[in-house]
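Here's a quick tour for anyone meeting this structure for the first time. Take a look, then read on.

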Amino acid sequence: MALRSTSSNHVYLNGRTLEGGGQLVRIAIGLSALTGRPVSIDHVRANRQGKKGLKRTHAAAVKLLAEISGSKVSGGEVGSEFLNFFPQSTRSKDGPLRELSQVAVKSEYDIKLTTAGAIFLVFETLYPYLLYVGSQAAAPFVKVNITGGTNASLSPSYDYAAQVIVPNFAKLGLPPLSIVLHKRGWATGPIDLGAVTFLVHTLPPEHNPYGVNQPRVPSERERNRTGEPLCSFPRINLMDHKRGKVTKIDITVLAPDQPTMSRDAGGNTVRQFIEQLTQRTLHRETRKLNPSIFGKRSPSSPTQEDTFGKSSGEDIPVPITIHTSEATNHRSHIYILLVAHTSSGFRIGHDIICSDRVPWPKHKGKQKQRPAHDPRRDSQNDVAFSAAADLVHRCVEGFIREISDESPNAQSDQKNPSTARRACLDANMRDQVVVFEALGKVCHPGEYDTKATETKTLEDERDWTLHTKTAQWVCRQMLDI
């Protein structure tokens, strides 16, 4: 539980709660900057294996948000197991969030991480704050340039963000978000920094009709039943949205074009092997699912050809196509993303990235100088292709769980109310939405309560991951909901 100081405005959080990792810190300081409520966190990342405390990416996020929001920080250095975050302004007298007239915002920010730390973990710390205060910038959007890692473990990749997060945010009513990839940066293998630009279109200007840096004077229409003005974060209730039926599946493969499988595969590279195996495995596994989760195939839908050249278009429930296929430059730079498009306009995704711990073979010297069937090379290639096949099967297995009509966490002795159903998002996307659900709730309490009583369908809570539950807990402490 959050411990309260003598100041009812100050929030104290135990960093060991639930997931007990960096997500707790990112959400807490983001909401602190938005509300003007100071927050203190002890036992930072105490539930993580290995070194506790802030990692470089977390410390960078804390430092950057403090600079952008004009907040003060103590304990923000790498390795620190406690953190104090003090916003310089308090919440508005007219609502639960800070007063916009006190905020200064630049139109562009340049952020350079010194390692291939996850760019998107840094961005998700800043995003809610920039969405809210960005209307004070002298531009139609806020531009954020970040150098770091675009493909890292335990973090949204550029591909997942662009193909899943962005369209789902738009579908849920958040302003447009554009992401431009300049260069990929990998956290696995050799250090390789990438670069991404985010164009944050801020919350609608009609919520501040008096112009930049002018006090917001709400109209009677904008006031809720308590007399307080409504904030500009949209109301989000996932049960207002249908999951829809899967209409097509996209595959993204990033992998090297070496080594080459010289036997049994016609010279296929790792990338080509992953493409073909992923398609074949998806063809097989989707046919096992309840047909009702798929939309009807259009007569004009192209047929699919499997790796043996045999038409399988009549057998697969929906089109399965390659969305992106890129050759990478290192054996550990392998990434697979599967995305289902639904008839309701949402995207359901699942991805996997190669681990540095995979024993990929090292190929030295000129391969052509070796015999065509060099046993040593064949043995090394067997390891590489076996590891690639394992990644494919694990990714497809996770994806099938996401699109299935049954919760992957369901147990035979655990029944959910008959009115409960799966949300329209995958597990990782569900985590991303929690903060915006909470902000919509505090900004529109009257409307939210009315709609909630009208909505009889409940969300299947068995889909909630520990990250989702942690995010919900932090939001309750910071927003008093």
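The chain has nine helices and 15 strands, where helices (H or I, at least four residues) and strands (E, at least two) are DSSP runs numbered from the N terminus. This is a predicted model, in which local features need pLDDT of at least 70 and side-chain atom pairs count only at pLDDT 80 or more, while totals for chains, interfaces and linings use all residues. Residues are numbered from 1 along each chain as its sequence is written, and side-chain values use heavy atoms, with hydrogens and water left out.

Of the chain's 481 residues, 56% count as buried (under 20% relative accessible area, with a 1.4 Å probe and protein chains only). Take the contacts (heavy atoms within 4.5 Å) between residues at least 6 apart in sequence: 75% of them join residues at least 24 apart.

Now for a pair of helices. The axes of helix 1 (residues 22-35) and helix 3 (residues 119-133) come within 9 Å and cross at roughly 20 degrees; axes are lines fitted to C-alpha atoms, for helices over the stretch in contact, and angles run from 0 to 180 degrees between N-to-C directions. Helix 1 and helix 3 are therefore roughly parallel to each other (angles under 35 degrees). On the helix 1 side, the contact is made by Arg-26, Ile-29, Gly-30, Ala-33 and Leu-34, and helix 3 brings residues including Leu-121, Pro-128 and Tyr-132.

Four strands form an open sheet in the order 11-10-12-13, with mixed pairing; two strands pair if DSSP finds at least two bridges between them. Which strands stand at the edges? Strand 11 (320-328) and strand 13 (347-353) do, each with a single partner strand, so one side of each is left without a neighbour in the sheet. From one strand to the next, the twist averages 10 degrees.

Here are two of the pairings:

| Strands | Bridges | Direction | Residues standing opposite |
|---|---|---|---|
| Strand 10 (residues 246-256) and strand 12 (residues 335-342) | Eight | Antiparallel | Lys-248 and His-341 |
| Strand 12 and strand 13 | Seven | Antiparallel | Tyr-335 and Ile-353 |

Strand 12 and strand 13 make a hairpin with four residues between the strands, and Gly-345 takes a positive phi near 95 degrees there. Six of the seven residues of strand 13 are buried, so this strand is largely enclosed by the rest of the structure.

What lies across strand 10, strand 11 and strand 12? That's helix 5 (residues 270-286), running at about 155 degrees to strand 10.

Conventions: Parallel < 35°, antiparallel > 145°, perpendicular 65-115°, else oblique. Buried < 20%, exposed > 50% of the residue type's maximum accessible area, 1.4 Å probe, protein only.
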